[in-house]
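Thanks for coming. I will go through one structure, a few places at a time. Please have the sequence and the 3D view open.

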Amino acid sequence: LLERFEGSSAQKQLSFIDLCGRVADRRSVQALTTCLSKDDETVAKVLEAFSRICDSRVYDSAKAFLGHPNIQVRHSAISALTSLGHPDTARDMEQCLQDASSLVRESALKVAAYLGFPECIDSILNCCDSPDARIRRTAIEHLPCLDDPRIVPQLEKALASESTAIRSAAAGALGEIEPQWARPLLRQALQDNDVWVRYFALRSQAQIPYGPDTHAVLAALANGDPAMQVRIAAVEAMKLESITAITDASASPDDDLAIAALAALGRTGHPDAIPVLARAVNSPQERKAIEAIRALGNTGLERAVAGLRRIALGRNPLLADAAIAALGRLPFAESVAVLLDALETPGKRPASIAALISQGDSAVPFLARRLQDLSLDVRLAVLEALIGLRSQGATGLLESALADPEPAVRHAALSALAHNRHVGRQIRDAVGGEGDA
């Protein structure tokens, strides 16, 4: 790879850089370092590769790009520094937090906060009061990364800021701190006059449990907030306790809100969601129907299979693919039966095979009971799914297929076992000679 690197075109060099990062061999560091004087795209690619190779020799080179004007280059440099684990990182980031360049300070802030250096906590907290608005916002956003009792008072202070950007940053950070500290601050943020503060507060609220008082606030925002993105975020934040409000929102004339509600119904995993979603799959609006199909699969309930069977075996390819994928998330015998029926249609085989693989080992006992009764083409498709499962149970079923009366099945099983055998297991001799296949 390194021999072909020199003298290749710029586009090929980008591919080589990416490959070097994937291989993650330290022998490529010297060749990659020579590219750090090239264009921004190449530099960013090299720094991304450094983050995978994790060689301490590139530490100084990566640190030199913390103040680069190109944001992609800066992000790649930050990624490299956070992955290297260099012993000087804490000391150097503390120094960079005092740098004259706001870009260097912002980048150092991200590295120091992400790694949670105790030596840098005071400087990070001081950045919350920086005259530079971007530094203040970045510091607020990264406060949850720190383990310090001053974080909650600092977020409370930020929520009282005159700057909507700072209040929004604080609202977005609340979902990443302990729920008992976040709840009172979220109640305040959910009543903010600015649409984006309310929006980010709702995104945080979605990450923590809530009680009846918060349910009432979410329902009110979902029903009557003047900003549609806030209404959608309110629905997305709702949990099982709010299933009635979610159901009401699913009947909204606004498609985006209704679709968000359908997805939320699926996440509740409640039996009462099934009839609502089963009706929605018949919607003449394809987006709404597809979301309802996905939601049925996300319920994790066996009752959802009946509502997906007709669609999975139907003639609309988009809806059928969505239903087949949803069945892959429902690990029940009835789901496997529908997927086996779908395998009879050549155009549905790729999606059905992927769905069987998604089911994992739970599908193997059902497949074992049905395998010998399936048509030749379907048996071959099942073997393809078993290759993707890569489990002990799948290997056992592949071995049993070596005794299949059809030479094509025996040949496919033998090939699959060669590709996917488990170490220490002996492959059973196939029935018939090699020439039969």
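Start with F200, which sits in helix α14, residues 195-205. Before going further, note that this is a predicted model. Is F200 buried, partly exposed or exposed? Its relative accessible area is 33%, so F200 is partly exposed. If we skip the neighbours within four places in sequence, F200 is in contact with S168, A171 and G172. For a sense of distance, take L240, which is 40 residues from F200 in sequence. From C-alpha to C-alpha, F200 and L240 are 21 Å apart.

How confident is the prediction? The mean pLDDT of the protein is 91, and 96% of its residues reach 70 or more. There is a stretch to treat with care: over residues 422-437, pLDDT stays under 50. The model has 27 contacts for that stretch beyond four places in sequence. Where pLDDT is low, the predicted coordinates should not be read in detail.

Next, a pair of helices. Find α8, residues 102-115, and α10, residues 133-142. At what angle do α8 and α10 pack? The angle is about 5°, and the axes are 10 Å apart. Angles under 35 degrees count as roughly parallel, so α8 is roughly parallel to α10.

Now the residues that meet there. From α8 we have S102, L103, R105, E106, L109, K110 and A113. From α10 we have R134, I135, T138, A139 and H142. What kinds of residues make up this contact? The contact of α8 with α10 has 5 nonpolar, 3 polar and 4 charged residues.

Pick out E106 in helix α8. E106 has a relative accessibility of 8%, so this residue counts as buried. Again leaving out neighbours within four places in sequence, E106 is in contact with R74, R134, I135 and T138.

On to salt bridges. Side chains of opposite charge can pair when their charged atoms come close. How many salt bridges does a search of the whole structure find? The search finds 21. I will show some of them.

One is between D92 and R91, with the closest N and O atoms 3.1 Å apart. D92 is buried, at a relative accessible area of 7%. R91 is partly exposed, at 47%.

Another joins the side chains of D129 and K157, at 2.9 Å from N to O. Where in the chain are these two residues? D129 is in the loop between α9 and α10, while K157 is in helix α11, residues 151-159. They are 28 residues apart, and the pair links distant parts of the chain. D129 is partly exposed, with a relative accessible area of 45%. K157 also counts as partly exposed, at 47% relative accessibility.

Then there is R150 with D148, where the closest N and O atoms are 2.8 Å apart. R150 counts as partly exposed at 39% relative accessibility, whereas D148 is buried, with a relative accessible area of 17%.

Now some backbone angles. A24 is not a glycine, yet its phi is positive, near 55°. A24 lies in the loop between α2, residues 10-23, and α3, residues 29-33. With a relative accessible area of 32%, A24 is partly exposed.

C54 is not a glycine either, and has a positive phi of about 55°. C54 is found in the loop between α4, residues 40-53, and α5, residues 59-63. C54 counts as partly exposed, at 29% relative accessibility.

My last stop is P271. Which helices lie on either side of its loop? They are α18, residues 255-268, and α19, residues 273-280. At 36% relative accessibility, P271 counts as partly exposed. Beyond its neighbours within four places in sequence, P271 is in contact with L301 and R303. T164 is 107 residues from P271 along the chain, and their C-alpha atoms are separated by 41 Å.

That is the end of the tour.

Definitions and conventions:
Residues numbered from 1 in each chain as written. Predicted model: local features only at pLDDT ≥ 70, side-chain atom pairs only at ≥ 80, totals over all residues. Heavy atoms only, no water. Axes fitted to C-alpha atoms, helices over the stretch in contact; angles between N-to-C directions. Helix = DSSP H or I, 4+ residues; strand = E, 2+ residues; numbered from the N terminus. Parallel < 35°, antiparallel > 145°, perpendicular 65-115°, else oblique. Contact = heavy atoms within 4.5 Å. Nonpolar A, V, L, I, M, F, W, Y, C, P; charged D, E, K, R; others polar. Salt bridge = Lys/Arg side-chain N within 4 Å of Asp/Glu carboxyl O. Buried < 20%, exposed > 50% of the residue type's maximum accessible area, 1.4 Å probe, protein only. pLDDT = per-residue confidence, 0-100.
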